[in-house]
Amino acid sequence: PALPLIQAIVDLIATSTDPIDVQGRMKSTLRKITTLNPSPTDISGMNKEEKRRLFFKYLDIEDDMVVEDNGWYGLLILLKAWSALYSVNLAFLKAILLSRMVMSDIEPKINYKRNSKIINKEMENPNISESKRGCFEAMSKYAKFFYVEERMKTNTKTYDKEIVHSLSVFQCFYQCISTLNM
């Protein structure tokens with residue numbers, strides 16, 4: 001499902017039509033999935049609106065989003081493209097949006113600390129600002145959601161493979177777009 005997005009990115013950044021092998025993880029090994037044949041697209045003369053329309057065309061989703069670009073626009077495009085491929089429920093959306101908020105708004109203010117002992121120790125510090133204390137208090141509630149239980153790492157019966165696959169496709173989309181946006 002991520003191949004059309006990868007093909008779009010290749011077309012946008014490729015300078016030649018030389019074939020490109022795409023590798024991916026299948027179970028525990030890395031294998032060649034397919035070969036992409038780039039069709040280089042020169043976007044250097046395009047304005048921002050033309051590039052946006054081209055991107056929506058590549059993603060094969062309707063360009064009907066009217067959102068002020070406040071750092072969330074790219075994520076909303078990805079959610080829209082992802083939900084066009086998978087049955088995405090409200091719990092998925094809430095989890096992704098909450099994760100985005102925690103990772104971009106809270107973690108930088110507490111130096112990316114997720115260990116509950118360290119977080120609790122920081123909250124006991126009398127010299128900590130109220131703003132930082134609030135971030136540590138929030139993180140103390142959310143930190144547990146950023147860890148995978150040990151039994152889930154080894155026992156495939158403890159999780160739903162379809163959910164994991166769907167979220168891994170989202171993660172792939174996110175990584176591709178983040179890399180392209182650098």
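**A salt bridge and its surroundings**

Tutor: The side chains of Glu49 and Arg53 form a salt bridge, with 3.6 Å from N to O; the term denotes a side-chain nitrogen of Lys or Arg within 4 Å of a carboxyl oxygen of Asp or Glu. The model is a predicted one, in which local features need pLDDT of at least 70 and side-chain atom pairs count only at pLDDT 80 or more, while totals for chains, interfaces and linings use all residues. Residues are numbered from 1 along each chain as its sequence is written, and side-chain values use heavy atoms, with hydrogens and water left out.

Both partners belong to helix H2, where Glu49 and Arg53 are four residues apart, about one turn of the helix (helices are DSSP runs of H or I with at least four residues, strands runs of E with at least two, numbered from the N terminus). Glu49 has a relative accessible area of 34% and is therefore partly exposed; Arg53, at 44%, is likewise partly exposed (buried means under 20%, exposed over 50%, and partly exposed in between, with a 1.4 Å probe and protein chains only).

Helix H2, residues 48-59, also packs against helix H1, residues 3-13: their axes come within 9 Å and cross at roughly 140° (axes are lines fitted to C-alpha atoms, for helices over the stretch in contact, and angles run from 0 to 180 degrees between N-to-C directions). On the H1 side, Leu5, Ala8, Asp11 and Leu12 take part, and they meet Leu54, Phe55, Tyr58 and Leu59 of H2 (contact means heavy atoms within 4.5 Å). Of the residues in this contact, seven are nonpolar, one is charged and none is polar (Ala, Val, Leu, Ile, Met, Phe, Trp, Tyr, Cys and Pro count as nonpolar, Asp, Glu, Lys and Arg as charged, and the others, Gly among them, as polar).

Asp21 is partly exposed because its relative accessible area is 48%. Another salt bridge connects Lys113 with Glu122, where the closest N and O atoms are 3.2 Å apart. Lys113 has a relative accessible area of 22% and so is partly exposed, and Glu122, at 24%, also counts as partly exposed.

Asn111 is located in the loop between helix H4 (90-106) and helix H5 (116-124), and Tyr112 is placed in the loop between H4 and H5. Tyr112 is exposed, because its relative accessibility is 53%.

Val169 counts as buried because its relative accessibility is 5%. Ala2 and Val169 are 167 residues apart in sequence, yet their C-alpha atoms are 6.4 Å apart in space.
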